[in-house]
Amino acid sequence: MPELVVEQIHKRLGGNEVLKGVSLSLARGEVIALLGHSGSGKTTLLRSVAGLETPDAGRITRGDRTVFDAERGIEVPPEKRGLGLVFQSYALWPNRTVFATVAYGLRLRRAGDADVRRRVGEVLDRLGLGKFAERYPHQLSGGQQQRVALARALVYQPPVLLLDEPLSNLDAKLREEARSWLRQLILQLQISAVYVTHDQVEAMAVADRVLFLRDGRIEQEGTPQDMYEHPASAITADFMGSNNRLTGTLGAVADGRGRLDGEDFGLWGRLCSPIGVGATGTAFIRLERTRLADGPGKNRLAMRLETSLYLGERWEYLLTRGGLRVRAWGRAPLPPGERWVEFPPDDLWLF
């Protein structure tokens, strides 16, 4: 039985329809990432599941219990849905110690003092916070505050954890570290989780399955690898990863491939949508698959290397040809000048 089932959720905020019939099913031990631009509806969906928003239509089931059904007038309050919540802001009380903050939910549930001490101690130790139990939020780093918010949600062992951009307040390096231990923790505890983020790398690192929302609907869903390797639309292709984008006209079609003709170039790529000859097309290719070549050849263009940018673990090259601008990655700086750039046909997606 799924831990969570969401069926055809609709929600209007003011005059705007934010959710337009979103459905999902969360299996036990599975992590789903809700991914999308700001305004796509992902946080509203999470808040609807949590009971913090009331949908206009649809049904939500937690285990074998219906917690919301617009048609039948069922709406279980948030504290009775058996869900753990971690907010973007952490929402820590400035006048409560770490121990008191984490223990709050247990005390509301009238747990005994001995049980509270044991369970809070266990979760703080698991998250490396045991020695900070008597500290206040202002005495903690951002990463430690984030762990306190997570401990508060985990202490009463909810079967489903809801996380609303929990790492967005951390700096880049700490965010990379946090997503690794968070994924490991979820796997160890076998928790089911719904994870809201606008960061595609974070979604792919943490989740078993990604739901990409656009304008209140699911644009595409699948494993992180499917979403990155096999985008079903130009919107998904553009959002996932770092890309070069080329526009032109479809000049020819053969064996599942098409030739995109632009200003002073013609490149073959894989047709990813049903477009005909003469139609305007857009091509995407990931930066890591755009290659510098040693000379002319199939699907290669002569371009001018304008500059090399040092990014630490790699160099990024900026190349131009007329109005076409392309980026590629490499391991060493290169001097400006003419270079050949290869666009492998299987990696150039035409929409």
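Let's start with Gly 82, which is partly exposed in this predicted model. Its relative accessible area is 27%, so it falls between the under 20% that counts as buried and the over 50% that counts as exposed. You can find Gly 82 in the loop between strand 6 and strand 7, residues 83-86. What does Gly 82 touch, leaving out residues up to four places away in sequence? The answer is Arg 62, Pro 158, Pro 159 and Val 160. Take Pro 158 from that list: Gly 82 and Pro 158 are 76 residues apart in sequence, yet 5.8 Å apart in space, C-alpha to C-alpha.

Look next at strand 4 (residues 57-62) and strand 5 (residues 65-69), which are joined by 4 bridges. Within that pair, Arg 59 stands opposite Asp 69 in strand 5.

Last, a bit of backbone geometry. Most residues other than glycine have a negative phi. Gln 190 is not a glycine, and its phi is positive, about 55°. Asn 299 also has a positive phi of about 55°, although it is not a glycine. Gln 190 is in the loop between helix 5 (172-189) and strand 9 (192-197), while Asn 299 is in the loop between strand 16 (291-293) and strand 17 (300-310). Are they buried or exposed? Gln 190 is partly exposed at 49% relative accessibility, whereas Asn 299 is buried at 8%.

Note on methods
Residues numbered from 1 in each chain as written. Predicted model: local features only at pLDDT ≥ 70, side-chain atom pairs only at ≥ 80, totals over all residues. Heavy atoms only, no water. Pairing = 2+ DSSP bridges. Helix = DSSP H or I, 4+ residues; strand = E, 2+ residues; numbered from the N terminus. Buried < 20%, exposed > 50% of the residue type's maximum accessible area, 1.4 Å probe, protein only. Contact = heavy atoms within 4.5 Å.
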